[in-house]
Amino acid sequence: MTETLTSKKLAITFFFCLIALVAVMALCAVVGTQKVSLAKAFSGPADTPGKNIDYEILIGVRLPRVILAALVGAALACCGVVLQAVLRNPLADPYILGISSGAGLGAIIAVLSGLTWSFWGGSPIAVFAFIGALITVWLVWCIGYLAGAGKSQVTTLLLAGVVVNAFFAAVIMFLTSIAKSDQVHSTIFWLMGNITEKSQSVLWVSAACIIAGIMTLFTICHRLNVLTFGQDQAKALGVDTAATQITAFALAAFITAIAVSLSGLIGFVGLIVPHAVRLVFGPDHRRLLPVSAMIGGAFLVVADTIARTIVAPAQLPVGVITAIAGGPFFLILLAKYSRKVSWLK
Amino acid sequence: MSDILKVENLCFGYTPQSAILKNFNFEIERGSFVCIAGPNGVGKTTLLNLLCGLLSPEEGYIEVDTAPIDSYSVKKLAQKIAVVRQEFVPVFDFTVKETVSMARTPYLGRLGFETKPDINIVKEALQITDTAQFASRTLANLSGGERQRVFIARAFAQDTPILLLDEPTSLLDLKHQVAIYDLLKTAQRQKGKTIVAVTHDINLAAQYCEKVLLLGADRSYRAGSTENVFSTEQIEKTFGVKTFTGRVGREKFFIPLGKFAKDCPQISKNLNSEKQK
């Protein structure tokens, strides 16, 4: 008989995944076009800037970037897990409720308006993308709610997301077509997903928000398990479905909006990581969410390392790597596990 | 014996113009096995959804275990009533044990981990329903009968005094239909559970249930013992089909007589002998 998931077993699994993530982060921080001496780097900062270059590269540049990639990867993977469960749709990803188009529209408006200010270390693109993503999700929720006759129907929400995405995509295309070429280039680069260095304050505030959001999502995981059986069954099993859905959507939208404002639109992570983890560890969300956070983080750290080294000294947008690497990786998993899983048959 | 479910002047319609249920009044005794029968579209599942709190009545009052149904939170109501729906395959591949363990959701703490007593209750439910043998298999890899047994195991593990079932045997073969009803009857007798099942199978209902709520297409209903309510005339009036009613010992059975029934010599013979009487 299969064993019941206890908090102790989960803690052990989480601990090993965390060690794996930290190991991947450490390894990827060392890898780069500029070789660094670990001994020199760990000797601490020099009195004058530029003297201990190894320290500045490793601790000042690569480590924050690796942490940022891990955070964004964890955020996207967790939001994918939650939205796939709440929408009962294996094809759902963090951008399904219109976040991608909303953030994209916000970003292109910021580029076209030529703003140069910075808000708490965040660029206009990041700030506008964050606001655009949240407004869009709110709009999608309102349309879905009204179309569903006062109920948060999954199908109407999905359709509202598709319609808003399509409409905003058209507006983005229009704005891109009238923009100058240098503006278009920076927008497209952002839309492809790109991990770049952020200020310390942005990094730590985002980290706190993302980690707090994921921890809150963890408290509804047992209810998400039941919700995948449908609203009627979930209610019969004592789950307040409306409260669970609103919590899940609101937190997923908020976390995704932060991730998007940090790194642009990085595809595939939120779709394939939850499936890959589900195929190996099973669909229990109490385990799926924390393990996906670790694996998603590790995946994006590796992808970003490849993106910054493969065509060095130039850098690729990390979204290109996640799509190129993620697709075949997922196909391998699919071939290996498809016999076990019903919705793949 | 006291009533565990009480319905007074219950009215419900999905639109204001069309009432499906009008002025329903009935009580269900604690520890009884009751079936809700009737033709398609008369509101059997709607009534079940009202009894489990999924729908709210337009007018009237529903009492669950001496308290109004709307005085219960979703969690507290799930500790009183378990519901088994028609056969179903979930989106993601939960194993049988994971599925049955979800029955403990109304009892779990903030982080949602089962305690030792929860694990023991789940184990017992798997054993009673004979589903422990495939506890590690996923629901998608089970037959319809096995899957239905899993959902009944989940309802047992929910450890509620009331069990509501919506056509629990609609997609099953004869052997599995009988197995499911045997399981429910055993739970009624050994655990004192109150069982309310929506069914189209009046033969199984006549055999296993003490009471019946027969809903008619004209929005009328009859409530009473299966012996009294399931008469040849009442079945014909409710379903619009002639039936041959017979007995084997104390068990009543009904054979629906279609257009070509006279071609069956055995039934013709029985029909003639009934006419002569």
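Predicted model: local features only at pLDDT ≥ 70, side-chain atom pairs only at ≥ 80, totals over all residues.
Chain A is built from helices, with 14 helices and 0 strands in its secondary structure. From the N terminus on, the order of elements is accordingly α-α-α-α-α-α-α-α-α-α-α-α-α-α. Taken along the principal axes, the C-alpha atoms of chain A fill a box of roughly 65 × 55 × 35 Å. The radius of gyration of chain A is 21 Å, which agrees with the value near 20 Å that a compact globule of 345 residues would have.

Two helix pairs in chain A, both involving α3(A), were examined. Helix α3 of chain A covers residues 53-86 and helix α12 of chain A covers residues 269-281; their axes come within 7 Å and cross at roughly 70°. The contact of α3(A) with α12(A) comprises 8 nonpolar and 4 polar residues, with no charged residues.

The second pair joins α3(A) to helix α1 of chain A, which spans residues 7-30; here the axes come within 9 Å and cross at roughly 140°. This angle makes α1(A) oblique to α3(A). The crossing of α1(A) past α3(A) is right-handed. The contact is made by A:L21, A:M25, A:C28 and A:A29 of α1(A), which meet A:L58, A:R62, A:L63, A:V66 and A:A70 of α3(A). By class, the contact of α1(A) with α3(A) has 8 nonpolar residues, no polar residues and 1 charged residue.

Chain B contains both kinds of element, with 10 helices and 12 strands. Its radius of gyration is 20 Å, close to the 19 Å given by the globule rule for 277 residues, so chain B is as compact as a globular protein of that length. The C-alpha trace of chain B spans about 70 × 45 × 35 Å along its principal axes.

An open sheet of 4 strands is present in chain B, with strand order β2-β1-β4-β5 and antiparallel pairing. Strands β2 (21-29) and β5 (67-68) of chain B form the edges, each pairing on one side only. Strand β1 of chain B, residues 3-12, runs antiparallel to β2(B) and is joined to it by 6 bridges. Within this pairing, B:K6 has B:E27 of β2(B) as its bridge partner. Helix α1 of chain B (residues 44-51) lies across β1, β2 and β4 (59-64) of chain B, and runs at about 120° to β1(B).

A separate strand pair in chain B consists of β9 (residues 211-215) and β10 (residues 221-225), which pair in the antiparallel sense over 5 bridges. B:L214 has B:R222 of β10(B) as its bridge partner. The two strands, β9(B) and β10(B), form a hairpin with 5 residues between them, and B:R219 in the turn has a positive phi of about 70°.

Between the chains, 33 residues of chain B are in contact with 29 residues of chain A. On the side of chain B that touches chain A, α2 (74-78) and α3 (96-101) of chain B each supply at least two residues. The residues of this side of chain B divide into 20 nonpolar, 6 polar and 7 charged.

Conventions: Residues numbered from 1 in each chain as written. Chains lettered and ligands numbered in written order. Pairing = 2+ DSSP bridges. Contact = placed C-beta atoms within 7 Å. Axes fitted to C-alpha atoms, helices over the stretch in contact; angles between N-to-C directions. Nonpolar A, V, L, I, M, F, W, Y, C, P; charged D, E, K, R; others polar. Parallel < 35°, antiparallel > 145°, perpendicular 65-115°, else oblique. Left-handed = near helix turned anticlockwise from the far one by under 90°. Rg over C-alpha atoms; globule rule 2.2 N^0.38 Å.
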